[in-house]
Amino acid sequence: MDDREDGEGASGVPEGDGAHRWLYDLDATDPLSELVSRDHVSREEIVQIGRLMGAMADLRRAEEALALAGREYMQLGTTDMKAIQFLIVSANKGGAPTASALSAHLGISNASVTKLLDRLERGGHIERLAHPTDRRSRTIRLSEQTKAAAMASMGRAQAQRFHAAASLTADEREVVTRFLQHTADDIRDALGRFF
């Protein structure tokens, strides 16, 4: 009989699709309880939390695969795709996005946004137009072809998140929302303290 756990290879090292889950197993990441106290947590809870961390890892890997597939499909870079998403949402909200708004959203300099917009314009993805209310600014409009391609690929794939969320009860959604927000806040706090 083979005593190896699921995803464990002959060498005792994780293999296959389930291997990344080991990276979130508390017994593997913190065997001496140097980072996380287990004093008030049962063994069953540790296992359940490990499954939850593994599910979060699965979600992150799925989102990374989706982003890569979208970039390859659209033949654009990561920042380009984020810009296109911003432009779609801005247009859907009735906005007139500017380069400075895009710079703030992406967290990059105005010079970098200018290069990005030049590249997107050369590729036929956007056009720059006179701003409807500010004569000093120009607004950015996504081409219909690029919008349609983005909506048919990335948009449809990302919409699956809605279906997953809709399958939960209202109370379950509140619990998941609190958990995800609390986790994000704790990670941002850790970034500020340790890096």
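**Second largest pocket**

Helix 3 contributes eight residues to the lining of the second largest pocket, the most of any contributor. Helices (H or I, at least four residues) and strands (E, at least two) are DSSP runs numbered from the N terminus. This is a predicted model, in which local features need pLDDT of at least 70, side-chain atom pairs count only at pLDDT 80 or more, and totals for chains, interfaces and linings use all residues. Residues are numbered from 1 along each chain as its sequence is written, and side-chain values use heavy atoms, with hydrogens and water left out.

By class, this lining has nine nonpolar, five polar and four charged residues. Ala, Val, Leu, Ile, Met, Phe, Trp, Tyr, Cys and Pro count as nonpolar, Asp, Glu, Lys and Arg as charged, and the others, Gly among them, as polar.

**Helix 3**

Helix 3 (residues 78-92) has 15 residues and spans 21 Å from first to last C-alpha, close to the 21 Å expected at 1.5 Å a residue; the expected span is 1.5 Å times one less than the number of residues. Its buried residues (under 20% relative accessible area, 1.4 Å probe, protein chains only) include Met81, Phe86 and Leu87. The buried residues of helix 3 pack (heavy atoms within 4.5 Å) against elements including helix 2 (43-74), helix 4 and helix 6 (144-158). Just after helix 3, Gly94 has a positive phi of about 80 degrees.

**Ser103**

Ser103 lies in helix 4 (residues 99-106) and is buried, at a relative accessible area of 9%. Leaving aside residues up to four places away in sequence, Ser103 touches Ile108, Ser109, Asn110 and Val113.

Technical notes
Buried < 20%, exposed > 50% of the residue type's maximum accessible area, 1.4 Å probe, protein only.
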